[in-house]
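Me: I'm new to this one and would like to go through it slowly with you. Could you put it up first, please?

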Amino acid sequence: MTGVAESLTYSDAPVRGSLEALRRYGDGAIRKTLDAQGQAMDTATTLRFVRSVAPDGSPWKVSRRVAKRGGKTLVLHAFLRNSLTHNVFADNRGFEWGSPMVYAAPHQFGDHRTVYARSQSVWRGKKSKRFVKKGSKGSVESHVTIQGKGEDGSFTITIPARPLRRRQRRRRARADGDRAGRPGARDQGQPDRRAAVIVPKTIADRLTDQLMSAGTLRFVGEATDYVDFLQQLTTSRSAFVLPGSESAKRNTAATQVTRQEVLTGFTVMLGFVGSDTLTPRPLDDLIPVREAVKGALVGWTPTGERSPIEYDGAKIVEFDSERGLLIYQVDFFNSYHLRA
C-alpha cells in the first residue's frame with residue numbers, strides 16, 4: 001500500500017488481554033475485529049474530506065479552485081477520497097490503511113515542486129477555453145511559453161499540507177503483545193536513512209543523456225501523475241518519469257532492532273501520438289524504444305543510491321488508433337535497507 005498509510009500498535013495490557021481473549025474464538029474473530037477497525041479508520045478519514053479539517057480539528061487551506069468556483073478542497077473528482085482502503089495482514093497481527101495514490105503523501109505533509117521553463121503547444125476548447133486532448137473536436141491549438149522568475153526560468157509550486165491522519169511514528173501492529181515492556185527501535189537511536197531519494201528529474205536527466213542524442217526519444221519530461229502526463233503529451237516518442245511508491249519487506253533482525261529492505265519504485269510512461277500510431281504494426285515500433293529505456297536504466301546506480309535500478313515489468317495502458325494515441329508503462333525500482 002502506498003501514498004499515506006498508518007500502522008497501529010496495541011501495547012497496553014487491557015487491549016492485549018482483549019486480543020488474547022479473541023484468540024480463544026479462533027483467527028476468524030481476530031480478523032473480523034481488525035477488519036472492523038480498518039473500516040472505522042477509512043470512515044474517519046473520509047469524513048475529513050466532507051468537513052475539510054485535519055485530525056486536530058484545524059481547517060484545511062482552501063484550494064484556489066474552491067476559492068474561485070466553490071466546492072470542496074481535494075474533492076473535484078474524489079479520486080483520493082475514494083482510494084482510501086485498508087488491508088488486514090495475512091498473519092492477523094494487524095492491519096494497514098491509507099491510499100495507494102502517489103499524491104497522497106504530498107497532500108498529507110505538504111510539498112514544493114519546481115517547474116522548469118518550457119515551450120509547447122496546447123489545445124483548448126473554442127467555447128470552454130479549457131485544456132483538451134490534442135485532436136479533440138472543436139479544439140484550437142496555441143503555442144505557449146511557461147516561464148518563472150528564477151534565473152533559469154523555473155518557478156516553485158507549493159502544495160500546503162492538508163493532513164488526512166495524525167502524524168505518528170510508524171509502528172507494526174502486534175496482537176500477541178510479545179514486545180510489551182521492551183525498548184523499541186526508536187529508543188535506540190534514529191533510523192539509518194539513505195543518503196538520497198530517487199526523484200523523477202534524476203531519471204529524466206539520465207534518459208535525456210542516453211537516448212535523446214541518439215534520436216531514440218524526441219522528448220523527456222516529468223509528471224506528477226497520469227493526468228498530468230496526458231496534459232503534457234504533445235510530442236511522439238516522448239518519455240515522462242512519474243514518481244512511484246515504496247514497499248517494505250518484513251523485519252529480518254532481532255526483536256529489539258529493525259532491519260528492513262525497502263523497495264522504491266518509479267514509472268516511465270512512453271507516449272506515441274499521430275502518425276507513429278498509424279503504421280501497420282505500431283507495437284513493433286514501440287519495442288525498440290522500450291528496450292532502449294531499459295538499457296539506459298537497468299543496472300545503473302544513481303548518485304547517492306546504494307543499489308542499481310531493476311526492471312519491474314511493463315504494460316500497454318491505452319491504444320486508440322482513431323485518436324492516434326499509444327501509451328505504454330514501464331516500471332522500475334531500486335532498494336535500500338532501513339536500520340534502526
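Me: Let's start with the rings: how many aromatic pairs are there?

Reply: The count comes to five aromatic pairs, where rings of Phe, Tyr and Trp (its six-membered ring) pair if their centres lie within 6.5 Å, and planes under 30 degrees apart count as stacked, over 60 as edge-to-face and the rest as tilted. One of them joins phenylalanine 219 and phenylalanine 240, whose ring centres are 5.5 Å apart with planes at 40 degrees, so this pair is tilted. Before we go on, please keep in mind that this is a predicted model, in which local features need pLDDT of at least 70 and side-chain atom pairs count only at pLDDT 80 or more, while totals for chains, interfaces and linings use all residues. Residues are numbered from 1 along each chain as its sequence is written, and side-chain values use heavy atoms, with hydrogens and water left out.

Me: Which strands do phenylalanine 219 and phenylalanine 240 lie in?

Reply: Phenylalanine 219 lies in strand E8 (residues 219-222) and phenylalanine 240 in strand E9 (residues 238-248), so the pair ties together parts that are 21 residues apart in sequence. Those labels follow DSSP runs, numbered from the N terminus, with helices (H or I) having at least four residues and strands (E) at least two.

Me: And is phenylalanine 240 buried or exposed?

Reply: Phenylalanine 240 is buried, with a relative accessible area of 0%, whereas phenylalanine 219 counts as partly exposed at 29% relative accessibility. Here buried means under 20% relative accessible area, exposed means over 50%, and partly exposed is in between (1.4 Å probe, protein chains only).

Me: What aromatic pair do phenylalanine 229 and phenylalanine 240 form?

Reply: Phenylalanine 229 and phenylalanine 240 form an edge-to-face pair, at 5.4 Å centre to centre and with 65 degrees between the planes. This pair links distant parts of the chain, since phenylalanine 229 is in helix H7 (residues 226-232) and phenylalanine 240 in strand E9, 11 residues apart. Both of these residues are buried, and Phe219, Phe229 and Phe240 form one aromatic cluster.

Me: Changing topic, how many salt bridges are there?

Reply: The count is three salt bridges, each being a side-chain nitrogen of Lys or Arg within 4 Å of a carboxyl oxygen of Asp or Glu. One of them is between the side chains of aspartate 205 and lysine 201, at 2.9 Å from N to O. These two residues both lie in helix H6 (residues 200-212), four residues apart, which is about one turn of the helix.

Me: What about glutamate 291, which residues does it share salt bridges with?

Reply: Arginine 290 forms a salt bridge with glutamate 291, the closest N and O atoms being 2.9 Å apart, and lysine 294 forms another with glutamate 291, where the closest N and O atoms are 3.3 Å apart. Because they share partners, these salt bridges join Arg290, Glu291 and Lys294 into one network.

Me: What does lysine 294 lie over?

Reply: Lysine 294 lies over the face of tyrosine 311, at 4.2 Å from the ring centre; a charge sits over a ring if NZ of Lys or CZ of Arg is within 6 Å of the ring centre and within 35 degrees of the ring normal.

Me: Now the backbone: what is the phi of leucine 74, and where is that residue?

Reply: Leucine 74 has a positive phi of about 65 degrees although it is not a glycine, and its place is in the loop between helix H3 (64-69) and helix H4 (79-82). Most residues other than glycine have a negative phi. Leucine 74 is buried, with a relative accessible area of 18%. Alanine 78, in the loop between H3 and H4, also has a positive phi of about 65 degrees, and alanine 78 counts as buried at 8% relative accessibility.
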